[in-house]
Amino acid sequence: MIHELVAPCHFGLEAVLKKEIYDLGYEISRVEDGRVTFLADAEGIARANINLRTCERVLIKTGEFKAETFDELFEGIKAIEWEACIPKDGRFWVKKASSVKSKLFSPSDIQRIVKKAIVERLKPVYGVEWFEENGKDYPIRIFIHNDQVLVTLDTSGDSLHKRGYRAVSNDAPISETLAAALIMLTPWKADRILVDPFCGSGTFCIEAAMMAANIAPGINREFLGQNWDHLIPAKNWYEAVDEANDLIVRDIQTDIQGYDIDEKSVRIARQNAVKADVEKLIHFQKRDVRDLSHPKKYGFIITNPPYGERLEDKESLPAIYSAFGERFRMLDSWSAYMITSYEQAEKYFGAKAAKNRKIYNGMIRTYFYQYPGPKPPRKTERSGEK
């Protein structure tokens with residue numbers, strides 16, 4: 001059976017997710033702000049959960065209709081064949097309801113009406129008046145935009161940014177999905193140098209190392225859909241994990257380095273790299289950005305400098321960004337990419353970005369400043385071959 005699957009992502013990064021889905025071999029049916037919809041079978045649900053680096057979760061679309069009143073919402077939900085998804089003992093609830101530019105705007109009322117409509121749909125199907133709901137979980141997510149209701153079932157459970165390697169993080173970590181997407185926006189490849197001078201808990205470095213070794217982001221975690229044998233047979237999950245394991249490149253050589261001025265952050269980053277099984281691919285070190293250097297050319301800096309979200313930290317930002325800019329200009333032929341909400345970043349970094357992209361990191365509006373350096377000569381030129 002072919003399902004229409006909905007993959008939410010960070011606003012502004014839809015094109016990155018779109019390419020990932022194409023690379024997995026699936027047909028895309030729609031691209032919207034913060035969401036890509038594609039077609040896949042049960043095997044595709046498992047493969048998407050395990051392999052997609054930049055989406056937040058994989059949702060099965062169960063229905064879509066227009067509703068301007070709660071009566072229309074109730075009838076639209078009741079018309080969906082919920083018995084095909086939810087068994088008699090299933091525990092079902094509306095995990096989240098969001099509404100934008102629509103007449104129905106109260107999340108709690110939307111959740112209540114949807115739950116009631118599903119119950120009324122399933123009562124005659126299962127011949128009961130009351131549902132015990134002591135079986136597997138079936139969380140539902142509702143999105144309403146311009147009175148158009150999108151109804152989905154969440155196959156992922158915990159958000160896909162939870163790879164399983166970051167048990168501990170520093171105070172202001174960047175999410176794994178966002179870090180992966182930002183790396184993909186750059187021309188960095190596994191054979192190029194990568195340095196993060198504000199590495200924090202190591203997310204950029206770890207995500208880059210996992211890409212270099214082709215380690216699937218979801219290979220070491222569980223998903224809610226694994227409990228739904230009637231929808232996604234267990235063999236689909238086993239086969240998707242086996243496929244991902246077969247594709248890992250175990251003898252890759254990398255030059256990925258993470259620095260931080262805070263010893264605790266460096267220690268956490270090392271622990272996280274061990275959990276992700278990439279500790280041999282990354283060198284973490286306590287180092288101030290003022291000591292940033294590298295003997296080789298054509299490297300990449302991809303980083304998340306301090307934002308100064310706390311008032312007492314803002315005073316230190318000009319000095320930090322100035323030092324960062326000064327050290328970058330001393331790196332011959334390097335490229336720099338940084339995500340920050342600090343509005344004076346370009347001023348103190350000392351250069352206007354060639355490009356910048358607005359991205360929402362949670363509720364924080366940030367900008368991804370891009371300073372691409374020159375491309376290295378081809379390998380044949382570097383080796384003196386003709």
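Two strands count as paired if DSSP finds at least two bridges between them. With that in hand, here are some close-ups of this predicted model.

**View 1. The hairpin of β2 and β3, with G34 at the turn.** Strand β2 covers residues 27-32 and strand β3 covers residues 35-40, and the two run antiparallel, paired over 5 bridges. Look for R30, whose bridge partner in β3 is T37. The hairpin leaves 2 residues between the strands, and G34 has a positive phi near 75 degrees.

**View 2. An open sheet of 7 strands.** Reading across, the order is β2-β3-β1-β4-β7-β6-β5, and the pairing is mixed. Out at the edges sit β2 and β5 (91-100); each has a single partner strand, so one side of each is left without a neighbour in the sheet. On average, neighbouring strands here are turned by 30 degrees against each other, ignoring direction.

**View 3. β1 beside β3, with helix α2 packed on the sheet.** Strand β1 (residues 3-8) pairs with β3 in the antiparallel sense, over 6 bridges. Helix α2 (residues 42-51) touches β1, β3 and β4 (59-66), and its direction makes about 15 degrees with that of β1.

**View 4. Helices α5 and α6 packed together.** Here α5 (residues 176-184) meets α6 (residues 203-212) at an angle of about 65 degrees, the axes being 9 Å apart. The crossing is right-handed. From α5 come E176, A179, A180, L182, I183 and M184; on the α6 side they meet T203, F204, E207, A208 and M211. Sorted by type, the residues of this contact are 8 nonpolar, 1 polar and 2 charged.

View 5. Setting aside neighbours within four places in sequence, R166 is in contact with P173, I174, S175, E176, S201, T203 and N272.

Key. Residues numbered from 1 in each chain as written. Predicted model: local features only at pLDDT ≥ 70, side-chain atom pairs only at ≥ 80, totals over all residues. Heavy atoms only, no water. Axes fitted to C-alpha atoms, helices over the stretch in contact; angles between N-to-C directions. Helix = DSSP H or I, 4+ residues; strand = E, 2+ residues; numbered from the N terminus. Left-handed = near helix turned anticlockwise from the far one by under 90°. Contact = heavy atoms within 4.5 Å. Nonpolar A, V, L, I, M, F, W, Y, C, P; charged D, E, K, R; others polar.
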